[in-house]
Amino acid sequence: MGLRVAVQMDPLAAINIDGDSTFALMLEAQKRGHALFHYHVRDLSMRGKDNITAKAHPTTVRREKGNHYSFAARETIDLAACDVVLMRQDPPFDMAYITATHVLEHIHPRTLVVNDPAHVRNAPEKLFVTHFPQLMPPTLITADAGEIAAFRAEFKDIIVKPLYGNGGAGVFRIKPDDENLSSLIEMFTSASREPLMVQRYEPAVRQGDKRIILIDGKAEGAINRVPAAGEARANMHVGGKAAKTELTKREHEICETIGPELKKRGLIFVGIDVIGDWLTEINVTSPTGIQEIGRFDGTDLAAKIWDAIEAKR
């Protein structure tokens, strides 16, 4: 029997159908006979402990640029009566995002929320990685300018980035002779009370920042993202170029170390970032990359993700 699948995501009109992972998941769900309902996180409502609803459109998707979806009339759906909710809105990981995890926690696992909302809340990308210190480069999380200066004095060449940022936004490389660190810290701290993440710069990023997809704790595919000339960031949002890749022995070791922990936490669809020998982020909120991987090696990760979801239903 087909499943009722509610998809909590950003507006469908604005997505790139050749790169959006949620679109690929929706296509695969539809192919399997599942009914799709699309809603924005702002259309989510909670009245009492067990009354979780969303104003959603029954949705049909198709791989046609400019005509990639159709909506039926919007209706109020009971999310507890759905089989699956895909929590796929993009970060920022802010209080609105956290609130949505609290709301959806009331229906999970009776309705399977992917990924588990409580563990999404407890595993922000740049903090969850700190549970595996043996796998990550030297890292500092602080808002203390003196601590950041001491870290820089020790490691010379560093990366400074917002703790809850995404897509490469706000990521700065500070070289040993750069005089802008103090001003950069002032800029960040005037805009937010959140700490910063500071890491040792890894020259291996010039060869690429690898995105590896794990499904239910098992590595299933990868793509290398090579930064553009003159750019310290490899994110494809900022000009990084995708390249075919295979996992190294060290990357297998990383995946085998974190995989059981991901599975235990109900984190079915996860994307990790690896530079050289080091794990830098564990992306659990709205990981991407499955279409790019499929184009390079033919792996249908959307099908593998749905196999994992259906096995749990």
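The largest cavity in this predicted model has a volume of about 30 Å³. A cavity here is a set of points on a 1 Å grid over the protein atoms alone where a 1.4 Å probe fits but cannot get out, and its volume is the space filled by probe spheres set on the points, which are joined across faces, edges and corners. Rolling a probe the size of a water molecule over the atoms shows where empty space is left. The structure holds 1 cavity of 30 Å³ or more. Before we go on, please note that residues are numbered from 1 along each chain as its sequence is written, and that side-chain values use heavy atoms, leaving out hydrogens and water. Because the model is predicted, local features need pLDDT of at least 70 and side-chain atom pairs count only at pLDDT 80 or more, while totals for chains, interfaces and linings use all residues.

Which residues line the largest cavity? They are Leu25, Leu86, Arg88, Val114, Phe269, Ile305 and Ile309, where lining means having an atom within 4 Å of a point. This lining divides into 6 nonpolar residues, no polar ones and 1 charged. In that count, Ala, Val, Leu, Ile, Met, Phe, Trp, Tyr, Cys and Pro are nonpolar, Asp, Glu, Lys and Arg are charged, and the others, Gly among them, are polar.

Val114 leads us on to the backbone. Most residues other than glycine have a negative phi, and most peptide bonds are trans. The peptide bond from valine 114 to asparagine 115 is cis, with omega near 0°, and asparagine 115 is found in the loop between β8 and α3 (117-121). Helices (H or I, at least four residues) and strands (E, at least two) are DSSP runs, numbered from the N terminus. Another cis bond runs from histidine 108 to proline 109, with omega near 5°; proline 109 lies in the loop between α2 (95-105) and β8 (112-114).

Next come two residues with a positive phi. Lysine 156, although not a glycine, has a phi of about 70°, and its place is the loop between α5 (145-155) and β10 (158-162). Is lysine 156 buried or partly exposed? With a relative accessible area of 47%, lysine 156 is partly exposed; buried means under 20%, exposed over 50%, and partly exposed in between, using a 1.4 Å probe and protein chains only. Aspartate 216 also is not a glycine, and has a positive phi of about 50°. Aspartate 216 lies in the loop between β13 (209-215) and β14 (218-226) and, at 18% relative accessibility, counts as buried.

Aspartate 216 also takes us to the charged pairs. Aspartate 216 forms a salt bridge with lysine 312, the closest N and O atoms being 3.4 Å apart. A salt bridge is a side-chain nitrogen of Lys or Arg within 4 Å of a carboxyl oxygen of Asp or Glu. This pair links distant parts of the chain, since lysine 312 belongs to helix α9, 96 residues apart from aspartate 216. Lysine 312 is partly exposed at 38% relative accessibility.

How many salt bridges does a search of the whole structure find? The search finds 21. In one of them, the side chains of aspartate 307 and arginine 32 meet at 2.9 Å, N to O. Aspartate 307 lies in helix α9 (residues 301-312) and arginine 32 in the loop between α1 (21-31) and β2 (35-39), so this pair ties together parts that are 275 residues apart in sequence. Aspartate 307 is partly exposed at 42%, and arginine 32 is partly exposed at 24%.

Finally, look at the rings. The structure holds 6 aromatic pairs: rings of Phe, Tyr and Trp (its six-membered ring) pair if their centres lie within 6.5 Å, and planes under 30 degrees apart count as stacked, over 60 as edge-to-face and the rest as tilted. Among them is the edge-to-face pair of phenylalanine 128 and phenylalanine 132, 5.8 Å centre to centre with 70° between the planes. Phe93, Tyr97 and Tyr164 form one aromatic cluster. Elsewhere, the charged end of arginine 173 sits over the ring of tyrosine 201, 3.7 Å from its centre; this calls for NZ of Lys or CZ of Arg within 6 Å of the ring centre and within 35 degrees of the ring normal.

Definitions and conventions: On a 1 Å grid over the protein atoms alone, a cavity is a set of points where a 1.4 Å probe fits but cannot get out, and a pocket is an open set with protein on both sides within 12 Å along at least five of seven lines; lining residues have an atom within 4 Å of a point.
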